[in-house]
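Subject: Model handover

Hello,

Here is the model for your files. My notes on it follow below the structure.

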Amino acid sequence: MTDFAATKSMFHLPEGVIYLDGNSLGPLPKAAPARVAEMLTDQWGEMLITGWNRGGWMQMPMALGDRIGRLIGAEPGHVTVGDTLSIKVYQALAAALMLRPERKVILSDNGNFPSDLYMASGLVKLLGAGYELRVVDPEAVAGAITEEVAAMMLTEVDYRTGRKHDMAALTAKAHAAGALAVWDLAHSAGALPVDLAGAGADFAMGCTYKFLNGGPGAPAFIYVSPRHAGKAVPALSGWLGHESPFAFDLDYRPGAGIERMRVGTPPVVQMTALAAALDIWDQVDMQALRARCIALSDLFIAEVETACPDLRLASPRDGALRGSQVSFRFDQGYAAMQALISRGVIGDFRAPDIMRFGITPLYLDDDDIRAAARIIVEVMTARAYERPEFQVRWAVT
């Protein structure tokens, strides 16, 4: 069993703050500053460019990929880290389309993260020739999987409501229709158990700055199933995806397996911080995490709903059907969230009316949940959200 009191002690949590926004940016692991400082001084400072060899910098994307792979049910050697999530979405989707050249439809849903849809739309415009992005309601995805579909691209957990798709069932349905399944794990990795290999997923990608606690701007990861890894065509053929990057050939030859999905130079400083966070994750049993998350979320819902009838639950009530967040709808949700933040309860807001609260057992316990609920009740009862200072919109909501 995972000792969640021990994991909580491994994070820097500011005094007087209850942090319910790990679904957007994870808090700082206490070990990260010293680890990054050591890398800066002992490696970059003393090794200079030889750090790529002596410091193991070039091997970090694959080494970190395998550590993340354990959390998402990936086969060893089939996850690599680097670049941004949008780039990894583009890579995975383009590779999937090239594996089904006779088909032209990308299927997604309107609960997908908008950036994923932007990437898909841009790719469709670039390809032309009848390619189409078909977007349906989340509940309509299964019925929309037809023999026209080349790739089904979905975010497993809805970023707004926390509603969770059935990855195994939808992947099986896509395969039965001859389509490939591409999964965005931005709100899954580190939030709940994922079994990419067991579900038969073709491609997956995700970020590391949310539940994985890699820090702002931490790199993304990409997974390619072993059955595709040797033939997937990297649409973004960066030099580190080359079979022999330091041969400096003018012609591109894709690297072996997942290596071909590398694009640019590894962000070593950011990866060092991520490595410190993964030291914590190495101690976590994902099934225990999931059970604890559902228990804390159910407690949070009960405590809030009892005294705040104006907040309407937007997340599935059944814990098995949601990710690691609880969302409520409220017409003045932005101002209410600002009022909560001023009282030390940090969540976030998603337009038009969603108040999101990340429930992360690594550093939250029952006392935190009850204290946060009490403050929510106080803010809502006093209508503190009506104060003018809470109406001012910040650039990041």
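In these notes, buried means under 20% relative accessible area, exposed means over 50%, and partly exposed is in between (1.4 Å probe, protein chains only). Glutamate 148, with a relative accessible area of 45%, is therefore partly exposed.

This is a predicted model, so local features need pLDDT of at least 70 and side-chain atom pairs count only at pLDDT 80 or more, while totals for chains, interfaces and linings use all residues. Residues are numbered from 1 along each chain as its sequence is written, and side-chain values use heavy atoms, with hydrogens and water left out.

Salt bridges

A salt bridge here is a side-chain nitrogen of Lys or Arg within 4 Å of a carboxyl oxygen of Asp or Glu. The rule gives 28 of them. Glutamate 148 pairs with arginine 134 at 3.1 Å, N to O. This pair links distant parts of the chain, 14 residues apart: glutamate 148 sits in the loop between helix H7 (141-144) and strand S7 (149-155), and arginine 134 in strand S6 (residues 132-136). Helices (H or I, at least four residues) and strands (E, at least two) are DSSP runs, numbered from the N terminus.

Two further pairs:
- Aspartate 158 and arginine 160 meet at 3.0 Å, N to O; the aspartate is buried at 1%, and arginine 160 is partly exposed at 24%.
- Aspartate 249 and arginine 253 meet at 2.5 Å, N to O; aspartate 249 is partly exposed at 34%, as is arginine 253 at 33%.

Domains

The domain assignment, automatic or from a database, gives domain 1 (4-29 + 285-390) and domain 2 (32-281). Their contact (heavy atoms within 4.5 Å) takes 32 residues from domain 1 and 25 residues from domain 2. The C-alpha centres of the two domains are 28 Å apart. Between domain 1 and domain 2 there are zero salt bridges.

Arginine 322

Which loop holds arginine 322? Arginine 322 lies between strand S11 (312-313) and S12, where S12 spans 325-329. Its relative accessibility is 0%, so arginine 322 counts as buried. Residues in contact with arginine 322, leaving aside neighbours within four places in sequence, include Gly162, Lys164, Leu192, Arg290 and Asp298.

Regards
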